[in-house]
Amino acid sequence: MKNEDMLAVLKALSNETRLNILCWLREPEKMNENLPNVIKEEFPGGVCVGSIQEKSGLTQSVISSYLSSMQKTGLLESRRYGQWTYYRRNEEAIAAFLEDFANGLQAKKK
């Protein structure tokens, strides 16, 4: 991962609400009450923007902006179904970031 990409992820995570969203999405089943079957089947782990907005207590426009910025860094994936947009964690990208970040901070062995 390039330094500029790593910095974009760190910037996204430097906001408490964005970090909380990433943590909340670890357990999407706690945020989805009446998830349509098509979402369960085609986009498992997806959570509706409205559910995220409700949990955060912020306006939908703020949450949409946060989700969009997190998606641009690769932390989240999204799918639109009808008028609703669902987001989920991109576990591969998160794991790659964590690995690259840890490797970048470790001292070189002599």
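Predicted model: local features only at pLDDT ≥ 70, side-chain atom pairs only at ≥ 80, totals over all residues.
Student: Where do I start? How many helices and strands does the protein have?

Tutor: Start with the element count. The protein has 6 helices and 3 strands.

Student: In what pattern do they follow one another along the sequence?

Tutor: Read along the sequence, the pattern is α-α-α-β-α-α-β-β-α.

Student: What does the C-alpha trace span along its principal axes?

Tutor: About 55 × 30 × 20 Å. Then look at contact range. Among contacts between residues at least 6 apart in sequence, 57% join residues at least 24 apart.

Student: Now the sheet. In what order do the strands lie, and is the pairing parallel or antiparallel?

Tutor: The general idea comes before the case. Strands of a sheet pair through backbone hydrogen bonds, either parallel or antiparallel. Here, 3 strands form an open sheet in the order 1-3-2, and the pairing is antiparallel.

Student: Which strands stand at the edges?

Tutor: Strand 1 (47–48) and strand 2 do. Each has a single partner strand, so one side of each is left without a neighbour in the sheet.

Student: How many bridges join strand 2 to strand 3?

Tutor: There are 6, between residues 76–81 of strand 2 and residues 84–89 of strand 3. Ser78 has Tyr87 in strand 3 as its bridge partner. Arg79 is partnered by Tyr86, also in strand 3.

Student: Let me take a residue in strand 3. Is Arg88 buried or exposed?

Tutor: Go by relative accessibility, where buried means under 20%. Arg88 lies in strand 3. Its value is 18%, so Arg88 counts as buried.

Student: What does the side chain of Arg88 reach?

Tutor: The backbone oxygen of Pro44, at 2.9 Å. The Arg88 side chain also makes a polar contact of 2.8 Å with the side chain of Glu77. Leaving out residues up to four places away in sequence, Arg88 touches several others, among them Leu25, Phe43, Gly45, Gly46 and Leu75.

Student: On to helix packing. At what angle do helix 1 and helix 6 pack?

Tutor: Read the angle together with the axis distance. Helix 1 and helix 6 (residues 91–105) pack at about 110°, with axes 11 Å apart. Angles of 65 to 115 degrees count as roughly perpendicular. The two helices are therefore roughly perpendicular to each other.

Student: Which residues meet there?

Tutor: Helix 1 brings Met6, Val9, Leu10 and Leu13; helix 6 brings Phe97, Asp100 and Phe101. By class, this contact has 6 nonpolar, no polar and 1 charged residues.

Student: Pick one of them. What does Leu10 touch?

Tutor: Leu10 is found in helix 1, residues 3–13. Leaving out residues up to four places away in sequence, Leu10 touches Phe97 and Phe101.

Student: How does Leu10 count by accessibility?

Tutor: Partly exposed, because its relative accessibility is 33%.

Definitions and conventions. Residues numbered from 1 in each chain as written. Heavy atoms only, no water. Helix = DSSP H or I, 4+ residues; strand = E, 2+ residues; numbered from the N terminus. Buried < 20%, exposed > 50% of the residue type's maximum accessible area, 1.4 Å probe, protein only. Contact = heavy atoms within 4.5 Å. Axes fitted to C-alpha atoms, helices over the stretch in contact; angles between N-to-C directions. Parallel < 35°, antiparallel > 145°, perpendicular 65-115°, else oblique. Nonpolar A, V, L, I, M, F, W, Y, C, P; charged D, E, K, R; others polar. Pairing = 2+ DSSP bridges. Polar contact = N/O pair within 3.5 Å; in protein donor to acceptor, adjacent residues only side chain to side chain.
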